[in-house]
Amino acid sequence: MYVAVKGGERAIENAHRLLAHERRGDPLIPELSLSQISEQLTLAVDRVMTEGSLYDRELAALAIKQARGDLIEAIFLLRAFRATLPRFGASEPVDTGAMTVQRRISAAFKDLPGGQVLGPTFDYTHRLLDHALAVESEAPAPTAAPTPTDAMPRVSDLLAAEDLIESSPQAEPGQAVGDLTREPLSFPAERDLRLQNLARGDEGFLLALGYSTQRGYGRTHPFAGEIRLGEVEVEFFAEEVGFAVPLGRIVMTECQTINQFHGSSTEAPKFTRGYGLVFGRGERKAMTMALVDRALRARELGEEANAPAQDEEFVLSHSDNVQATGFVEHLKLPHYVDFQAELGLVRRMRAEFQAAANDRVSVQEAAE
Amino acid sequence: MNPPAYNFAYLDEQTKRMIRRAILKAIAIPGYQVPFASREMPMPYGWGTGGVQVTAAILGPNDILKVIDQGADDTTNAVSIRKFFARTAGVRTTTNTREATVIQTRHRIPELALSQHQVLVYQVPIPEPLRFLEPRETETRRMHALAEYGLMHVKLYEDIARHGHIATTYAYPVKVDGRYVMDPSPTPKFDNPKMNDCAALQLFGAGREKRIYAIPPHTNVVSLDFDDHPFERYRHDATCELCGTTDSFLDEVITDDKGSRMFVCSDTDYCETRRVLAKTAAHDSVEEAGRG
C-alpha cells in the first residue's frame, strides 16, 4: 500500500531490499565489476563524471552500478557524494594546448599544423548491429600511430594570431574562480559561471537547445573550429612550496566553435567563439555546450536575444538534470492536503453553479 | 574504497555556518528570500532538501526532532527524513508535537499552538510567491525590492471576477511584518492564521531554488485579501471519525468504490492525543462511577 497508515518505515525498508534484489538481477549471471563498467561502458562513466562534476572513474562506475544504469540517478549519487568533500582550492587553468592528443579534428581547415587525427570515433562507422559482439570476442589490436611530435596549436590561436577571431579571455591570476556549487547563481551570470553550469548541465537538454540554434532559433553560424580529445595535466599551486605541483593527468574533450560576428563602425569584423569542455570523451556534450555558450553571449555581443537558447535565465535555471528530475518526480510524493483543499473549493463552486442553474430554470418556469 | 564518514547531522561545519548566516539574515529581514549555496543532499530535490539543510544547520545533540508530511508522522517521506537525522545526528525523535524542539514539516502546520522553545522548519518547493505571475527571477527580485505587489492583487481580483472566490486554496500568499509578500509553502490556507504572532521561530528552506526565509517569533503575518472579500479559512464541513474533533484540518479517505468516505484529522499526533485523552477521561469517569 502506498501510504500505510502505520508501517511506512517497514514499507521503505522492504522497498529498498526489493530494489537491491532487482538491481542484482538473475544471480546465475555473473555480477558486473566496477572495472568492467569503467573499461567497457567508458562513455557512460565519462558522462556521469562530467555532469556529476567529479573526476573519479571508480566512483562513477560504482554510481552507475548502484543506479542500475540510470545515468541521471548515477550523476545524482556522485553529486551528493561530491557535496560532502572538503575544498582545498582551485587548480591552475588546464592548458589544452599542451594536450596529449588522441583525437583532433577541425572542420574549418583541410590541413593544419599537427594534422587531423581521427582517433577513436563513431563517426564514419556504419550503424549496423555487430552480431560478433553478442558473444565474447577479441578486438583486433589497433594499428600503432606514430606518436605525434609536432606541436598541435589550437585552431583558435592560429586565427587569433591574425586577429581574425576574438582573443581568448586572459586569465586573471589572483581572481577568485566562480563556483555555483558554493555561491548560489544569480542573474545576469558571468561567463565562468555560465560555462560551469553548462558543463554540469544535462546533455539531452543542451543538445536540444544547441540544435534549436542551428534551426533558426537564435542562429549563430557555427563552424566546428576544433575538437580535441586527450590527456591534460592538472596542476595545483601549493602555498607551502611556492610553485604549482602536478596532481595527475585527466582525459578531457574540448570544442571551440568559430561563429560569425559583423563588427561595428569602431571594430573590424572578426569571428567570435563558443567554448565547450568536458571530462572524458563527451564529444557531443562538448559541441553542444559550445553552441549554447555562444548563444548565451548574445547580450555581451549586442545581438538580438529572443530565442530560448539565448535566454540565460531560462537555460541556466533548467539545465541541471538532478534538480529537474527531483522536482518532476516529487509529484509522486503525497499532496493530499493540497488536493483536499482544492477539492473543497471545486465542490463549493460546483454547488454554486448548480444553484444558479436551478434559479435560472425556476425563473424561466415562472415566466412561462 | 573506505566508506565515507559523515559529520554530525550530515553536513560539514563550514556548510552549516554558511546556512546559519543565511538563517540569521532571514530572521533579520522577515519574509525576505535569502539566497544560499544549497548543497546536493542524499535525497532528491523536491523531497525536502531545503528543509533538511536548515534542520541540519540548527540541530544540536539535545534537540528532539519531529518530522511530518501532510500533517502525519507516518507518511513515507517523513519516516525517511526522521530516520536520516536519527542516523546522522543520533538525536532523539518524537511524534509528540509538544515535546519536539525542532519540527520539520511539509504542507502542514501542527494544530497545537507552538511555543517559544520550538522551531518549525518548512520544506519549500517554490519560494517565490510571484513566480507564477512572473517567471523571471531578475524581475521578481526587483518587484520585491520596490514592494511592487499590485500584480498579486490583480491575480486575486481576477479569481473573484472569474470564480466568485479567491481560487488559491494552498500556498496562499501572506504579507510578513507589513513588508514582504511571502509564500507560506504549499500549506492549506486553513493553516495561514497559525503563522501570525506565532511564538515559535519559523524557518523556510528551498533547496533546489537555493533560498532561505524566516518569520521570527511574534511577527505580524497577514493573508492577502480585500475588504469585501476577506480571507477565509477552509476545512471540510465534517467531524473526524477517529477523535470527533470539529476544528482540525481533515483528510478525506475514500473507503469503497460506491462513494463512501470518511474524514480523519490530517494531524496524526493531534488526533492520537485527543483519543488517548478521551480514553483516560472515560476510564476515570468509570472509576469514579464505581467509587460513587
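B:Ile103 stands opposite B:Leu120 of strand 5 in chain B, and that pairing is a handy way into this predicted model.

**A covered strand in chain B**

- Strand 5 of chain B spans residues 119-123, and five of its five residues are buried.
- Which residues cover the two faces of strand 5 of chain B? On one side sit B:Val119, B:Val121 and B:Gln123, while B:Leu120 and B:Tyr122 are on the other, and all of them are buried.
- Strand 4 of chain B (residues 102-106) runs parallel to strand 5 of chain B, and four bridges join the two.
- Strand 8 of chain B (residues 201-206) is also parallel to strand 5 of chain B, joined to it by five bridges.
- B:Gln123 has B:Gly205 in strand 8 of chain B as its bridge partner.

**An open sheet in chain A**

- Four strands of chain A make an open sheet, ordered 1-2-3-4, with antiparallel pairing.
- Strand 1 (100-105) and strand 4 (272-279) of chain A are the edge strands; each has a single partner strand, so one side of each is left without a neighbour in the sheet.
- From one strand to the next, the twist averages 30 degrees.
- Five bridges hold the antiparallel pairing of strand 1 of chain A with strand 2 of chain A, residues 223-238.
- Within that pairing, A:Val101 stands opposite A:Gly230 in strand 2 of chain A.
- Helix 9 of chain A (residues 283-296) packs on this sheet and touches strand 2, strand 3 (243-259) and strand 4 of chain A. The direction of helix 9 makes about 145 degrees with that of strand 4 of chain A.

- Helix 3 (residues 42-52) and helix 4 of chain A have axes 9 Å apart and pack at an angle of about 105 degrees. The two helices are therefore roughly perpendicular to each other.
- On the helix 3 side of chain A, A:Ala44, A:Val45, A:Val48, A:Met49 and A:Gly52 meet A:Arg57, A:Ala60, A:Ala61, A:Ala63 and A:Ile64 in helix 4 of chain A.
- By class, this contact of helix 3 with helix 4 of chain A has eight nonpolar residues, one polar and one charged.
- Helix 4 (residues 57-66) also packs with helix 5 of chain A, at an angle of about 130 degrees and with the axes 8 Å apart. That angle makes helix 4 oblique to helix 5 of chain A.
- The crossing of helix 4 of chain A past helix 5 of chain A is right-handed.
- Here A:Leu59, A:Ala60, A:Ala63, A:Ile64 and A:Gln66 of helix 4 meet A:Ala74, A:Leu77, A:Leu78 and A:Phe81 of helix 5 in chain A.
- The contact of helix 4 with helix 5 of chain A counts eight nonpolar residues, one polar and no charged.

**Where chain A meets chain B**

- The contact draws 39 residues from chain A and 45 residues from chain B.
- Helix 1 (8-24), helix 5 (71-82), helix 11 (321-329) and helix 12 (336-367) of chain A each supply at least two residues of the side that touches chain B.
- Which helix of chain A gives the most to that side? Helix 12 of chain A does, with ten residues.
- By class, the side of chain A that touches chain B holds 19 nonpolar, ten polar and ten charged residues.

Definitions and conventions
Residues numbered from 1 in each chain as written. Chains lettered and ligands numbered in written order. Predicted model: local features only at pLDDT ≥ 70, side-chain atom pairs only at ≥ 80, totals over all residues. Pairing = 2+ DSSP bridges. Axes fitted to C-alpha atoms, helices over the stretch in contact; angles between N-to-C directions. Contact = placed C-beta atoms within 7 Å. Nonpolar A, V, L, I, M, F, W, Y, C, P; charged D, E, K, R; others polar. Parallel < 35°, antiparallel > 145°, perpendicular 65-115°, else oblique. Left-handed = near helix turned anticlockwise from the far one by under 90°. Buried ≥ 20, exposed ≤ 12 C-beta atoms within 10 Å, placed from the backbone.
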